[in-house]
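This report describes how the inside of a protein model is packed and how its chains meet. Look at the sequence and the structure first, then read on.

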Amino acid sequence: MTYDERGVDEAGRDELGLDEQITLWRSYMADRPAVAQPDVDELEAHLRDQIDALTASGLAPDEAFLVAVRRLGRIDDLSREFAREHSERLWKQLVIGEPHAARREPAGLWTALLLAIAAGVGLKLPALFGVTLSSDPDFYLRNAPVLVLPFLAAYFLVRRRSGAATVAAVAAFFIAAAVVLNAYPFAEAGATEPLAVVHAAVALWIVTGIGYVNGDWRSGRVRMDYIRFTGEWVVYFVLIALGGGVLAALTLGVFSAIGMDASQFVAEWMLPCGATGAVVIAAWLVEAKQSVIENIAPVLTKLFTPLFTLMLLALIASAVVQHDFIDSQRDLLIIFDVVLIVTVGLLLYSMSARDPERPAGWFDTLQLVMVAAALVVDLFVLIAMIGRIDAYGASANKLASLGLNLILLVNLAGAAWLQLRFVRGTVRYPALERWQTSYLPIYLAWAAIVVAVFPPIFAFA
Amino acid sequence: MRIGKDLVAAAATPLVLGILAEGESYGYAILQRVSELSGGELQWSDGMLYPLLHRLERLGHIESTWGESPSGRRRKHYRLSASGTAAFAEQRKQWAVVGEALQHVWHDGRGTSLALGGAW
């Protein structure tokens, strides 16, 4: 029900005083998720100024109220304008202006279920041609990104009713990835194949984002929406995976108790098909259960940012004490890459959960410390890597790590600089968001290079 | 006369920047000024000004502070930032070009024949 239907009727007008009418109007306005409390305050100040001016020119207070409300514009139109400007406030509700309708129906549940089943079945299709998980695990590992992610992309393209151009663009990326992964003559146990697979997964995840934002990938704000989605998706996927693990363990246990071996079923069907389906179901959950997660994201980031900062500082301290990074094992350097990726992920996740209008506080200072510490670690790793490449020559693995490190270094340096200026009040928060959202294509480009260019350069070894 | 929606939307940003270039102001007063400057011809729903102000703030063109009105009411004040001053100058240049072009084309018939006449 809109304000105009309730607050303006004859009976209501006689009963309510000006303040009650304004309170009622406020409650309708505040009901809109796109309009935050300070915005309602600002609009109310406007309303009262207007009413004062109108009463001064001779209108009765209730008439002045009606005119002022009418001039302010219909609540629906107004909240739609606010939603355009503040998409983070209702980021998952793509049907702007109808929050109530969107909340009632389990949006896209059937699409999600169908695509999850299709994904599970699709994973077993190669088995019809004799390529099963146990006979050719290599095939499944190599094709994991192109077997799983198309269904997630399809979910978004269906839900957003994307146009042919968007569908074609997303499909082209997936087909290109599938062709490269299967046509390249990768050597047995070489390094370029796992590198290509991992980077294809990253690249296709970003491409899936084109479906998520319905082709509107140029806008920094919708990119931030996709980053936010990614963080929430990880949370839901981990939750589902935990449940799936319990289910698998119980299945194994309970069937062995009655003398049947379920391990074949669990390994060939339950885990692979379940995990594949969970990719789509987690995406649906993120979109459907937004308000639950909204409470979790800030808590998780507040909890883990201090802990990761401590870990990074301890890492720097022990590296300084030992100063033997150059001789470090290769595995050790890779774990540092993972630490840096998780740190950037944590930074992005807290950024996406943050209200961009809130001024700088203690948490932003803490984040600055975390980013600065990560920057120092990155520099250490970079020096160690260059030392290793100098000593032992370049390899696909080393160059891929080096490239990733340089990309993260530039990202962290920019992030630290902006964060410092934000904490000192010389730059506004959206500048930080812009830095990260305009950085996304660089990840995509680098991942594409590792997928398509690295294998031929290193002779598919 | 009713000015078209697109034109109102296009004119809103330079107008608001221009009004804030005159000095710090707040929503209601900005709208009063718009109506004063345009003789009441340029109008949009009052509420629509606020998302526009928030957008300009996000872009860093304007800055806001909460203050109080003389009657003690809370009120959000806006003022132009350094980048806003630059954006305003830029907009001003662009609109000058548009305005000039329109002037030329409207005086077309008379204007060209006169110019031709002068040249011959």
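A nonpolar core is a set of buried Ala, Val, Leu, Ile, Met, Phe, Trp, Tyr and Cys residues that are joined through C-beta atoms within 7 Å. The model discussed here is a predicted one.

In soluble globular proteins, nonpolar side chains tend to be buried together. The largest nonpolar core of this model has 83 residues. Tyr155(A), Ala203(A), Val280(A), Ala282(A), Ala283(A), Val371(A) and Ala374(A) have the most contacts inside it. The element that gives the most to this core is helix α16 of chain A, residues 362–392, with twelve residues. At least three residues come from each of domain 2 (108–288) and domain 3 (295–427) of chain A. A second, separate core has 32 residues, and among them are Ala64(A), Leu17(B), Tyr28(B) and Leu80(B).

Two residues can be taken as examples, one from each chain.

| Residue | Residues in contact with it |
|---|---|
| Ala203(A) | Ala177(A), Leu444(A), Ala447(A), Ala448(A), Val451(A) |
| Gly84(B) | Leu17(B), His61(B), Ile62(B) |

Is Gly84(B) buried or exposed? A residue counts as buried if 20 or more other C-beta atoms lie within 10 Å of its own. Gly84(B) is buried because 22 other C-beta atoms lie within 10 Å. This residue is found in helix α4 of chain B, residues 82–106. Gly84(B) and Leu56(B) are 28 residues apart in sequence, and their C-alpha atoms are 8.3 Å apart in space.

Chain B as a whole comes next. Its secondary structure comes to five helices and three strands, and the pattern along the sequence is α-β-α-α-β-β-α-α. Of the 120 residues in chain B, 22% are buried. Among the contacts in chain B with a separation of 6 or more, 48% are between residues 24 or more positions apart.

How many residues of chain B are in contact with chain A? There are 16 of them, and they are in contact with 20 residues of chain A. On the side of chain B that touches chain A, at least two residues are supplied by each of α2 (27–37), α3 (49–58) and β3 (74–80). Helix α3(B) gives the most to this side, with five residues. By class, this side of chain B has four nonpolar, five polar and seven charged residues.

How values were computed
Residues are numbered from 1 along each chain as its sequence is written. Chains are lettered from A and ligands numbered from 1 in the order in which they are written. This is a predicted model: local features need pLDDT of at least 70, side-chain atom pairs count only at pLDDT 80 or more; totals for chains, interfaces and linings use all residues. A residue is buried if 20 or more other C-beta atoms lie within 10 Å of its own, exposed if 12 or fewer, and partly exposed in between; C-beta atoms are placed from the backbone. Helices (H or I, at least four residues) and strands (E, at least two) are DSSP runs, numbered from the N terminus. Domain bounds come from an automatic or database domain assignment. Two residues are in contact if their C-beta atoms, placed from the backbone, lie within 7 Å. Ala, Val, Leu, Ile, Met, Phe, Trp, Tyr, Cys and Pro count as nonpolar, Asp, Glu, Lys and Arg as charged, and the others, Gly among them, as polar. Lists of a residue's contacts leave out its neighbours within four places in sequence.
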